[in-house]
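Here is a friendly walk through one protein chain, told as questions and answers.

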Amino acid sequence: MKMRVAVLLAVIAMFCAADAQKCALDGLMSSLTKSVASAVLQKVTLSCIDASARGSLVDCPAGYKPTGCSCGNACGSWDIRNDQTCHCQCANQDWTAARCCKIALK
């Protein structure tokens, strides 16, 4: 594996002269990156649910992570605690909601 990487770097070095403004392989590397990303995204799925609770805290179910929070009483100040809990920072919150998502293999 290390040898393959070394050969790849040598080939790139040959095609990309030190004084070149733009490497001729930039387009190839961009296409390769896009195709790898596309292949990975075809194998995964994003699943999201809503969670809500009374008060200023709401936990996402196991396996899910909060991606955004919403607070009652027109409170716009919130944070995510312990990578699992939405926390509304205003006093006397009547409700807190979370958008909880997980990435899974298809």
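This is a predicted model: local features need pLDDT of at least 70, side-chain atom pairs count only at pLDDT 80 or more; totals for chains, interfaces and linings use all residues.

Q: Is threonine 85 buried or exposed?
A: Threonine 85 sits in strand E5. Its relative accessible area is 11%, and the cut-off for buried is under 20%. Threonine 85 is therefore buried.

Q: With which side chain does the side chain of threonine 85 make a polar contact?
A: One of the residues in contact with threonine 85 is Asp59. Here the two side chains make a polar contact, at 2.3 Å. The partner is the side chain of aspartate 59.

Q: What pattern does the chain follow, read along the sequence?
A: Let us step back to the whole chain. It has two helices and six strands. Read along the sequence, the pattern is α-α-β-β-β-β-β-β.

Q: What is the order of the strands in the open sheet of three strands?
A: Strands of a sheet pair through backbone hydrogen bonds, either parallel or antiparallel. In this open sheet the pairing is antiparallel, and the order is E2-E5-E4. The edge strands, each pairing on one side only, are E2 (57–59) and E4 (78–81). From one strand to the next the twist averages 20 degrees, and the order asked for is E2-E5-E4.

Q: Which residue in E5 is the bridge partner of tryptophan 78?
A: Strands E4 and E5 (residues 85–88) pair in the antiparallel sense over four bridges. For tryptophan 78, the bridge partner in E5 is cysteine 88.

Q: How many bridges join strand E1 to strand E6?
A: Strand E1 covers residues 44–54 and strand E6 covers residues 95–105, and the two run antiparallel. Opposite arginine 54 stands tryptophan 95 of E6. The number of bridges joining E1 to E6 is eleven.

Q: Which residue in E6 is the bridge partner of glycine 68?
A: Strand E6 also pairs with strand E3 (residues 65–71), in the antiparallel sense and over six bridges. In E6, glycine 68 has as its bridge partner arginine 99.

Q: How many disulfides does a search of the whole structure find?
A: A disulfide is a covalent bond between the sulfur atoms of two cysteines. Among those found here is the pair of cysteine 48 and cysteine 101, with sulfur atoms 2.1 Å apart. The search of the whole structure gives a count of five.

Q: How many residues apart in sequence are the parts tied together by cysteine 48 and cysteine 101?
A: These two cysteines form a disulfide. Cysteine 48 lies in strand E1 and cysteine 101 in strand E6, so the pair ties together parts of the chain whose separation in sequence is 53 residues.

Q: Is the disulfide of cysteine 48 and cysteine 101 right-handed or left-handed?
A: Cysteine 48 is partly exposed at 28% relative accessibility, while cysteine 101 is buried at 11%. The torsion about their S-S bond is about 110 degrees, so the disulfide is right-handed.

Q: Is the disulfide of cysteine 69 and cysteine 86 right-handed or left-handed?
A: Cysteine 69 and cysteine 86 are joined with an S to S distance of 1.9 Å. Cysteine 69 is in strand E3 and cysteine 86 in strand E5, so the bond ties together parts 17 residues apart in sequence. Cysteine 69 is buried at 13% relative accessibility, and cysteine 86 is buried at 0%. The torsion about the S-S bond is about -80 degrees, so this disulfide is left-handed.

Q: Where does cysteine 90 lie?
A: Cysteine 90 forms a disulfide with cysteine 75, their sulfur atoms 2.2 Å apart. Cysteine 75 is buried, with a relative accessible area of 9%, and cysteine 90 is partly exposed at 29%. Cysteine 75 lies in the loop between E3 and E4, while cysteine 90 lies in the loop between E5 and E6.

Q: What share of the 106 residues in the chain is buried?
A: The accessible surface of the chain is about 7,700 Å², and 60% of it belongs to carbon and sulfur atoms. Of the 106 residues, the buried share is 22%.

Definitions and conventions
Residues are numbered from 1 along each chain as its sequence is written. Side-chain values use heavy atoms; hydrogens and water are left out. Two strands pair if DSSP finds at least two bridges between them. Buried means under 20% relative accessible area, exposed over 50%, partly exposed in between (1.4 Å probe, protein chains only). Accessible areas come from the Shrake-Rupley method with a 1.4 Å probe; for residues, only the protein chains shown count as cover. Axes are lines fitted to C-alpha atoms, for helices over the stretch in contact, and angles run from 0 to 180 degrees between N-to-C directions. A disulfide is a pair of cysteine sulfur atoms within 2.5 Å. A polar contact is a pair of N or O atoms within 3.5 Å; within protein, one must be able to donate a hydrogen and the other to accept it, and residues adjacent in sequence count only if both atoms are side-chain atoms. Contact means heavy atoms within 4.5 Å. Lists of a residue's contacts leave out its neighbours within four places in sequence.
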